[in-house]
Amino acid sequence: MPCSDFSPIPDIATGDHDALADALATRGTCRILGLPDADSTHALREDLLRLTDAGELSPAATGRGEGRALQPTLRGDRTLWLDDARCGAATGAFLASLDALRVALNERLFLGLAEVEAHYARYAPGTGYARHRDRFRDSDARVISLVAYLNDDWNIDDGGALRLHLDGGAIDIPPLGGTAVCFRSEIEHEVLPAACERLSIAAWFRRRP
Ligand SMILES: O=C(O)CCC(=O)C(=O)O
Ligand SMILES: [Fe+2]
């Protein structure tokens with residue numbers, strides 16, 4: 001089955017900050033179409049593939065502090081922070097666009113977001129990320145999560161959906177390149193395993209801890 005644009009959560013256009021703030025306030029989540037734009041999606045995907053081939057990504061951990069652990073059965077992605085010097089030029093512009101989003105959200109929702117952190121993620125075929133919250137148990141610094149997808153011609157039959165566990169039930173969102181999903185960081189979610197590699201950038205808008 002070819003990719004469909006169907007989404008069970010509100011779809012908003014990139015740059016429509018009023019609609020984004022409204023969706024986060026009322027629904028807690030939405031999908032942003034056109035983030036990153038087509039050129040940036042291509043450049044970021046190429047950069048992530050280059051870094052993958054060069055062996056620069058590291059297995060991602062769960063938890064933090066003393067609870068930090070590598071648990072490949074729970075979490076199968078390999079990651080690299082976007083502010084790492086090994087990342088290519090495309091990451092600077094993308095981080096700048098996330099920071100503009102941070103300012104826009106503060107102006108509309110008064111969330112006191114002080115910074116954005118973001119990493120590349122590559123899930124090898126067959127790996128996923130078990131149900132979790134992005135907010136750590138001992139810190140509410142992460143307020144809003146955003147995942148931008150870099151996949152080319154994603155086939156929905158390959159799996160790999162982001163499953164959001166919302167009050168009304170679970171919804172699955174396919175990781176289509178050039179779309180991003182934004183949600184409140186307290187919402188439980190998981191990444192379903194995919195038949196092929198799955199490329200993304202995961203970002204968090206944070207208050208000062
Ligand atoms: O890639 C996704 O769709 C979600 C990733 C995620 O949940 C995370 O990195 O915390
Ligand atoms: Fe997550």
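User: Which residue in β11 is the bridge partner of His165?
Analyst: Glu188. This is a predicted model, where local features need pLDDT of at least 70, side-chain atom pairs count only at pLDDT 80 or more, and totals for chains, interfaces and linings use all residues. Residues are numbered from 1 along each chain as its sequence is written, while chains are lettered from A and ligands numbered from 1 in the order in which they are written.

User: How many bridges join β8 to β11, and do they run parallel or antiparallel?
Analyst: There are 4 bridges, and the two run antiparallel. Two strands count as paired if DSSP finds at least two bridges between them. Strands (E, at least two residues) and helices (H or I, at least four) are DSSP runs, numbered from the N terminus.

User: What does β8 do with β9?
Analyst: Strand β8 (residues 162-166) is joined to β9 (residues 169-173) by 5 bridges, antiparallel. They form a hairpin with 2 residues between them. Leu166 stands opposite Gly169 in β9.

User: Switching to the ligand. What surrounds ligand 1?
Analyst: Its shell is Ala121, Tyr129, Asp134, Val147, Leu162, Pro175, His189, Val191, Ser200 and Ala202. A residue is near a molecule if its C-beta atom, placed from the backbone, lies within 6 Å of it.

User: Which elements give two or more residues to that shell?
Analyst: β11 (188-191) and β12 (198-206).

User: And by class?
Analyst: The shell around ligand 1 has 7 nonpolar, 2 polar and 1 charged residues. Ala, Val, Leu, Ile, Met, Phe, Trp, Tyr, Cys and Pro count as nonpolar, Asp, Glu, Lys and Arg as charged, and the others, Gly among them, as polar.

User: Back to β12. How many of its residues are buried?
Analyst: 9 of the 9, so β12 is largely enclosed by the rest of the structure. Buried means 20 or more other C-beta atoms within 10 Å of the residue's own; exposed means 12 or fewer, partly exposed is in between, and C-beta atoms are placed from the backbone.

User: Which residues sit on which side?
Analyst: One side has Arg198, Ser200, Ala202, Trp204 and Arg206. The other has Leu199, Ile201, Ala203 and Phe205. In a regular strand, side chains alternate between the two faces of the sheet.

User: What about pairing between β12 and β5?
Analyst: β5 and β12 pair in the antiparallel sense over 9 bridges. Arg122 stands opposite Leu199 in β12.

User: And β7 with β12?
Analyst: Strand β7 (residues 142-149) is joined to β12 by 7 bridges, also antiparallel. Arg142 has Arg206 as its bridge partner in β12.

User: Helices now. How far does α2 reach?
Analyst: α2 (residues 38-53) has 16 residues and spans 23 Å from its first C-alpha to its last, close to the 22 Å expected. The expected span is 1.5 Å times one less than the number of residues.

User: Which α2 residues are buried?
Analyst: Thr41, Leu44, Arg45, Asp47 and Leu48. Seen down the axis, the buried residues of α2 fall within an arc of 165°, so they line one face of the helix. The arc is that of the directions from the helix axis to the C-beta atoms.

User: What do they pack against, and what's on the face turned away?
Analyst: The buried residues of α2 pack against α3 (90-109), β5 (115-123) and β12. Contact means C-beta atoms, placed from the backbone, within 7 Å. The face turned away carries the exposed Ala38, Asp39 and Asp53.

User: Which residues are buried in α1?
Analyst: In α1 (residues 17-26), Leu20, Ala23 and Leu24 are buried. They cover an arc of only 95° around the axis, which puts them on the same side of α1. Asp18, Ala25 and Thr26 are exposed on the other side.

User: What do the buried ones of α1 pack against?
Analyst: β1 (11-13), β2, α3, β7 and β10 (179-184).

User: What is phi at Phe110?
Analyst: Near 50°, a positive value in a residue other than glycine. Phe110 is in the loop between α3 and β5. With 8 C-beta neighbours inside 10 Å, Phe110 counts as exposed.

User: And Asp153, buried or exposed?
Analyst: Asp153 is exposed, with 8 other C-beta atoms within 10 Å. Its phi is positive too, about 50°. Asp153 is found in the loop between β7 and β8.

Terms used
Two residues are in contact if their C-beta atoms, placed from the backbone, lie within 7 Å.
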